[in-house]
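Here are my notes for you to read beside the structure. Keep the model open and check each point as you go.

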Amino acid sequence: FLNRNAIFLSLGVAVTATLGSLFYSNVLGYEPCELCWLQRIFIYPQVAMLVVALWKKDYAVFPYVFTLSVIGAFIAGYHYLLQLGVLPSIICSAVESSTTCSQRYVMDLGYITIPMMALTAFLFLALFSGIALLRKTK
């Protein structure tokens, strides 16, 4: 099921993550920090790539989706740990930004923040693309 529907599932995750980030910044007015912008750099192009892949029924997109998702997951994971106070701020303290990366706009269920949502999206994208890549090699 996952292999057959990898493009649909990946596109659903990427579109949801993209619309979610735009909702938080443009509707609710949460200003993105530097790490948020970096995460957006790795999620937004995936929507366009997956739309073209769906249109062409081309699974060759998955190495790119996997790579972008793994890099995005590392950034989101760092951002999440930064917000929890586990890791020090390296990027945000060096860049002039009006919003600090440790700012938490959302904290649901005691652990769900915006970077955790992004991390979850990136991990699902890596999972779906990884499954598609493994099935392709067998």
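1. Does L28 count as buried, partly exposed or exposed? This is a predicted model, so take the answer as a computed one. L28 has 40% relative accessibility. Buried means under 20% and exposed means over 50%. L28 therefore counts as partly exposed.

2. Now place L28 in the chain. L28 sits in a loop. On one side of that loop is helix α1, residues 6-27.

3. Turn to S69 next. S69 is found in helix α3, which runs over residues 62-84. Its relative accessibility is 0%. The cut-off for buried is under 20%, so S69 counts as buried.

4. What does S69 touch, once neighbours within four places in sequence are left aside? The contacts of S69 are Q46, F122, L125 and A126.

5. Step back to the whole chain. The chain has five helices and zero strands. Along the sequence the pattern reads α-α-α-α-α.

6. Finish with burial and surface. The chain has 138 residues, and 40% of them are buried. The accessible surface of the chain is about 7,900 Å². Carbon and sulfur atoms account for 69% of that surface.

How values were computed:
Residues numbered from 1 in each chain as written. Predicted model: local features only at pLDDT ≥ 70, side-chain atom pairs only at ≥ 80, totals over all residues. Heavy atoms only, no water. Helix = DSSP H or I, 4+ residues; strand = E, 2+ residues; numbered from the N terminus. Buried < 20%, exposed > 50% of the residue type's maximum accessible area, 1.4 Å probe, protein only. Areas by Shrake-Rupley, 256 points an atom, 1.4 Å probe, with all protein chains shown as cover. Contact = heavy atoms within 4.5 Å.
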